[in-house]
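Hi,

Here is the structure I promised to pass on. Have a look at it first, and then read on for what turned up.

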Amino acid sequence: MSADPGTIAVGGTPLALGRSLVGLWPIGAAFAAFVIVWKLVVVVSGLPEFILPAPEVVGARLVEAWADGTIAPHAWTTFVEVVLGFTLGAGFGLAVGYALARSVLIERFLSPYLVAAQAVPILALAPLLALWFGPGLLAKVVICGLIVFFPLTIATMVGIRSVDRGLLELGRSLRASRRQVLCTLEIPAALPAILGGLRVGVTLAVVGAIVGEWAGADRGLGVLVNLARGSLFDIPLLFATLATIALLGIACYVVVVLVERRLVGLR
Amino acid sequence: MTARTGRLVADDIRVAFRPAQRNAAPAIALDGLSLDVGGGEIVALIGPNGCGKSTFLRVAAGLLRPERGRVTLDGVGVTAPDPRIGLVFQEPRLLPWRSVADNVTYPLELAGWSRERRAARLAELLPVVGLEAAAALRPVQLSGGMRQRAAIARALVLAPDVLLLDEPFSALDALTRERFNLDLLGLQERTGTSILIVTHSIPEAILVADRVVVMTPRPGRVAAEVRITAPRPRSLALLDEALTSRAAAEIRAHLELGEPVG
């Protein structure tokens, strides 16, 4: 029993860090399996490089394109769109979600439009928004914000509604002000639900930025995907761009998860 | 000590709840309930299920406005939640994301006390409820009994003149419950607050109370008052004395029982 190093309780941080890194091995294993299967498909099928390039070809192109500055400016543009759009959409989502949770009138008034707006695919709205807001940053931020807004609104509404009525009565018996109820009861109680909404929202934010770029832009990872497939006809670069988009999504998601651990991990 | 504070008087309280259907008669929870808790006294309120005990406690705490009648504390009307009144609910209602210490001082935080004053008050209060070692724990890490202790500490933190308890120990096992009843007596000695405790247990009522008030079934009002003459400090041996069985018989006679109690 004592031979199992994973269960030795030592308070030191290096060991704790080592343990949490050891705990990440399934992620590495899954990645390795993915690459191996990919390579096998390439070898067995004999598909040409312009249909399915081998993983090492894509890997090399990814490194090269980052090193020679092909990807970086596009990635930076998309990153800025994601951050601004996510912030905008999440901000509005929190406010509207709270209003929906606390006012039946507002809910009856707004929810048909919210659902209708959500039912229209963002892909269909993007050209219109690009027409209205121009080819610059603004249109992408709006598209990104719109796609983030809905899940955040719903998550906030559900979270605020889930606050224990007993706790609200406690607050009332202690003469808590409206603001105190919000800050000490409603927000902490709704936080797990809101953070769940943020997880969904942040990945959708990346989708929104790419869709926005497709509808008209001169820079961004969505533009680079089109360039690599079209005029450049550089399929390994296309795959390298897709990998960059995926990494951007994963990075944003990890940030949200870390914030979540920080805020509610101790419960 | 001069004239003791904490005299809670309820006079001719009537509470009716609006019915679900428009034409149905309103449900009358309390009708003509009058009750008096003297300064430093412990009164137990006992009655069959659904007789309006908890409803009355909400009225006394200023959470529910009666249709008729009024509640006063030391001559001043109680019409809204009042810092002179401490309320303990049937469930602990602790904030799960806060430590025991932060739960106990939560009312002080809402009232705008500084961090230093809060810490000083906490250090004073935790030994009274026996939670010194649990200050940094979260509610999920506590036993049911410790959670209810924390809830009682929270109700006491603003040094109220009267403490209202709504079946506070009903979720605890019988042994823990008896110990908590004795602890409650000790607490009263140390803090001097008046206590009104709602219960459906006859032994609990006899063990803690100076006076047991028996309520009628709905609409609730006072059916009888039984004085418990046993001196304080009390011990569990009281439960075996003849006085207890006489008081219990008297209480039982007054309870118009639809179902067994305690």
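The contact of α4(A) with α7(A) is made up of 23 nonpolar, seven polar and four charged residues.

Now for how the chains meet. Twelve residues of chain A are in contact with twelve residues of chain B. On the chain A side, α8 (165–173) and α9 (178–214) each bring at least two residues, and α8(A) has the largest share with six. By class, that side of chain A has five nonpolar, three polar and four charged residues. The predictor gives the complex an ipTM of 0.89 and a pTM of 0.81.

Chain B splits into domain 1 (1–84 + 160–262) and domain 2 (94–159). Their centres, taken over C-alpha atoms, are 25 Å apart. Where the two touch, twelve residues of domain 1 of chain B are in contact with eight of domain 2 of chain B. Helix α6 (residues 174–191) of chain B gives the largest share of the domain 1 side, five residues. That side has nine nonpolar, two polar and one charged residues.

A few backbone details in chain B are worth a look too. The peptide bond from B:R218 to B:P219 is cis, with omega near -5°; B:P219 sits in the loop between β9 (211–215) and β10 (222–227). Another cis bond runs from B:R232 to B:P233, with omega near 0°, and B:P233 is in the loop between β10 and α8 (242–254) of chain B.

Phi is positive at B:D12, near 55°, and at B:R93, near 50°; neither is a glycine. B:D12 is in strand β1 (residues 8–17) of chain B, while B:R93 is in the loop between β6 (85–88) and α2 (100–104) of chain B. B:D12 has 14 C-beta neighbours inside 10 Å, so it counts as partly exposed. B:R93 counts as buried because it has 21 such neighbours.

On confidence, chain B averages a pLDDT of 90, and 96% of its residues score at least 70. Over residues 258–262 of chain B, though, the pLDDT is below 50. Where pLDDT is low, the predicted coordinates should not be read in detail.

Cheers

Note on methods:
Residues numbered from 1 in each chain as written. Chains lettered and ligands numbered in written order. Predicted model: local features only at pLDDT ≥ 70, side-chain atom pairs only at ≥ 80, totals over all residues. Domains from an automatic or database assignment. Contact = placed C-beta atoms within 7 Å. Helix = DSSP H or I, 4+ residues; strand = E, 2+ residues; numbered from the N terminus. Nonpolar A, V, L, I, M, F, W, Y, C, P; charged D, E, K, R; others polar. pLDDT = per-residue confidence, 0-100. Buried ≥ 20, exposed ≤ 12 C-beta atoms within 10 Å, placed from the backbone.
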